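Subject: The structure we talked about

Hi there,

Here is the structure for you to open on your side. Have a look at it first, and then read on for what turned up.

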Amino acid sequence: MHLMMILIAVTVAWWLRTSWNAPIGSWNLRWRRSLFLFLFPPLLIFMTANALVCMGTQGKMGGMYTDSFSYVLALICLGFFAILCIQLGFQGWKSVKSARECPQRNLAGRQIRLLQTGALFAGQIGFWQPELVISQGLLQTLSPVHLESVLAHEQGHYHYRDTFWFFWLGCVRSWTAWLPNTEPLWEELLALRELRADSYAASQVDPLLLAESLLLLVTNSPVSSEVCCAALGSSIVGNRLEQRIEALLTPPQPTPEPQIQFWHNFLLAFLPLITVIFHA
């Protein structure tokens, strides 16, 4: 019976992931759909594994005896996720430690870390309370007005706590790399994260200035990793750059607050926990 629960959870997760197709609609609609398809399937598998561990290896469910195989499988699944989180957390800690070794400066009333490199880079590095890291090359290249647009974009990442949430989404990405469309959905979420930060910045500075700053970064390789880092220059290759420039040059759309109904959909992933009641 427990093995049947695992098969059902994996089948539903696989089916949901295969339903993803080319993104259409506004960036807010794309964000909600992509986040649901990216997060709900692994959450369903995770909750199923937790339910099996809670029920243990003894007893009956639905008139059928349980076995130790499904229990061990669930433990391996949860243990693998824990190891991935620890590994990515350690990588993130090393990035934070490296950023804190950079000298601290005051820039336009903001505390920043100055990266001693000629490459153009600006990004938030950290978890819940990230630090703004800006390269010497960026300060020397951009004019004050362009630099202000870059700071506004990075403030958008800080406002939405992108480094913290995308750390956990990155753990989910590594854990479910075997599910279909994991990488396309991850890349879509990264692009939408930048569109959201662009929209935040466009409400405070001239969008044209931010678009010009983006173009300046196209030929420069980002000096960052994906772990706990949200940088202006991430995901600006190919049609993503076109999407961001086009969004900045069109009239800005208001950023709606997350709707409670959207998060209610995720409650369905907790249904496997109810099966613990029927275990005897």
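Predicted model: local features only at pLDDT ≥ 70, side-chain atom pairs only at ≥ 80, totals over all residues.

Arg161 sits in the loop between α5 (144-159) and α6 (162-175). Which side chain of opposite charge is nearest to Arg161? That is Asp162, but at 9.4 Å away. Since a salt bridge requires a side-chain nitrogen of Lys or Arg within 4 Å of a carboxyl oxygen of Asp or Glu, Arg161 has none, even though Arg161 is buried.

Now the overall picture. The protein chain has 280 residues, 48% of them buried, and contains 10 helices and 7 strands. Among its contacts with a separation of 6 or more, 72% are between residues 24 or more positions apart.

Other charged residues do find partners, and the count comes to 10 salt bridges. One of them joins the side chains of Arg30 and Glu188, at 2.8 Å from N to O. This pair links distant parts of the chain, with Arg30 in helix α2 (residues 27-55) and Glu188 in helix α7 (residues 182-202), 158 residues apart. Are these two buried or exposed? Arg30 has a relative accessibility of 11% and so counts as buried; Glu188, at 7%, counts as buried too.

Glu183, with 36% relative accessibility, counts as partly exposed.

Then there is a network of salt bridges that links Arg193, Glu194, Asp198 and Arg244. Within it, the side chains of Glu194 and Arg193 meet at 3.2 Å, N to O. Glu194 is buried, with 0% relative accessibility, and Arg193 is buried as well, at 4%.

On to the strands. Strand β3 (residues 104-107) pairs with strand β4 (residues 110-115) in the antiparallel sense, over 4 bridges. Leu107 has Arg110 of β4 as its bridge partner. The two strands form a hairpin with 2 residues between them, and Ala108 in the turn has a positive phi of about 55°. β4 also pairs with strand β6 (residues 131-135), here in the parallel sense and over 4 bridges. In that pairing, Ile112 stands opposite Leu132 in β6.

Gln136 is found in helix α4 (residues 136-141). What does Gln136 touch, not counting residues up to four places away in sequence? Its contacts are Leu114, Leu115, Gln116 and Thr117. Gln136 and Leu114 are 22 residues apart in sequence, yet 6.4 Å apart in space from C-alpha to C-alpha. Gln136 has a relative accessible area of 24%, which means partly exposed.

Last, a helix crossing. The axes of helix α1 (residues 2-18) and helix α3 (residues 68-100) come within 8 Å and cross at roughly 45°, which makes α1 oblique to α3. His2, Leu3 and Ile6 of α1 make the contact with Phe69, Ser70 and Leu73 of α3.

Happy browsing, and write back with any questions!

Best wishes

Methods. Residues numbered from 1 in each chain as written. Heavy atoms only, no water. Buried < 20%, exposed > 50% of the residue type's maximum accessible area, 1.4 Å probe, protein only. Lys, Arg positive; Asp, Glu negative; His and termini not counted. Contact = heavy atoms within 4.5 Å. Pairing = 2+ DSSP bridges. Axes fitted to C-alpha atoms, helices over the stretch in contact; angles between N-to-C directions. Parallel < 35°, antiparallel > 145°, perpendicular 65-115°, else oblique.
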